[in-house]
Amino acid sequence: MKVLLLKDPKDKDSGPDPYVKELGLYGFEATLIPVLSFEFISLESLFEKLSHPECYGGLVFTSPRALEAIKICLKEKSKNEGEEPNSSALLFPCGALKREVLPTALREKGIPLESLTVYQTTQHPDLRESLSSYFSQQGIPASVVFFSPSGVKFCLQHIQKLSGDFLAHIKFAAIGPTTAEALEAAGVPVPCTAESPTPQDLAAGLQKVLQAQNCRVSE
């Protein structure tokens with residue numbers, strides 16, 4: 001059975017994508033289509049803040065892109081090194097589409113948090129063409145897996161249009177509860193949400209859902 005994964009492929013130098021590999025062990029034919037494109041912004045401001053570590057009690061990371069922004073800045077030698085932090089404020093490099101769950105939770109605990117948007121998320125330039133090509137060449141997949149709310153925003157309507165009358169045949173899956181919430185808010189049922197965002201849990205979840213579907217069809 002075919003599974004469409006709406007995510008960026010793993011770095012080529014690190015071998016096969018783990019999701020494609022794991023799903024293959026279960027007999028699924030998985031295809032990746034990159035959904036997102038990222039643009040770094042405000043790196044000068046980030047570098048300036050990193051140059052004054054005494055102003056912060058720590059750093060908070062919730063995304064790989066924020067880490068990449070830090071790495072870019074740290075390629076430059078910091079203006080001040082070895083200063084001890086004397087503030088409880090936390091620096092939070094984040095994306096333009098960040099949710100307010102973390103800032104709200106920290107604020108309620110009286111922990112100051114300084115957010116700085118260091119990247120913005122846009123639709124991958126080849127997304128629509130890639131989706132159209134997939135559906136025209138490979139047909140309707142057994143499942144489509146979303147990996148972020150942004151993926152839902154950029155892909156769902158196009159997939160619905162490409163699927164046409166066969167939309168109900170697709171089992172939609174989410175890598176986690178936040179993505180599942182975005183799908184459900186768009187009126188899409190989500191029979192499979194990975195217990196944790198790992199290739200193993202996603203593959204196991206899809207097997208249960210699609211196996212159950214096959215059993216009903218064969219009855």
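Is Phe38 buried, partly exposed or exposed? At 26% relative accessibility, Phe38 is classed as partly exposed (buried is under 20% relative accessible area, exposed over 50%, and partly exposed in between, with a 1.4 Å probe and protein chains only).

This is a predicted model, in which local features need pLDDT of at least 70 and side-chain atom pairs count only at pLDDT 80 or more, while totals for chains, interfaces and linings use all residues. Residues are numbered from 1 along each chain as its sequence is written, and side-chain values use heavy atoms, with hydrogens and water left out.

**Aromatic rings**

- A search of the whole structure gives 4 aromatic pairs (rings of Phe, Tyr and Trp, the last by its six-membered ring, with centres within 6.5 Å; planes under 30 degrees apart are stacked, over 60 edge-to-face and the rest tilted).
- One of them is the edge-to-face pair of Phe38 and Tyr119, at 5.8 Å centre to centre and 70° between the planes.
- This pair links distant parts of the chain, 81 residues apart: Phe38 belongs to strand β3 (residues 36-40) and Tyr119 to strand β6 (residues 113-123) (helices, H or I of at least four residues, and strands, E of at least two, are DSSP runs numbered from the N terminus).
- Tyr119 is buried, with a relative accessible area of 9%.
- The ring centres of Tyr134 and Phe135 are 5.7 Å apart and their planes lie at 75°, so this pair is edge-to-face.
- Tyr134 is buried at a relative accessible area of 4%, and Phe135 is buried at 9%.

**Charge over a ring**

- The charged end of Lys7 sits over the ring of Phe147, 5.8 Å from its centre (the criterion is NZ of Lys or CZ of Arg within 6 Å of the ring centre and within 35 degrees of the ring normal).

**Sheet**

- An open sheet of 5 strands, with parallel pairing, has the order β2-β1-β7-β8-β9 (two strands pair if DSSP finds at least two bridges between them).
- Strands β2 (29-32) and β9 (192-193) stand at the edges with a single partner strand each, so one side of each lacks a neighbour in the sheet.
- Strand β8 (residues 171-174) is joined to β9 by 2 bridges, and the two run parallel.
- Ala173 stands opposite Cys192 in β9.

**Helix packing**

- The axes of helix α2 (residues 43-50) and helix α3 (residues 64-74) come within 10 Å and cross at roughly 70° (axes are lines fitted to C-alpha atoms, for helices over the stretch in contact, and angles run from 0 to 180 degrees between N-to-C directions).
- Helix α2 is therefore roughly perpendicular to α3 (65 to 115 degrees; under 35 is roughly parallel, over 145 roughly antiparallel and the rest oblique).
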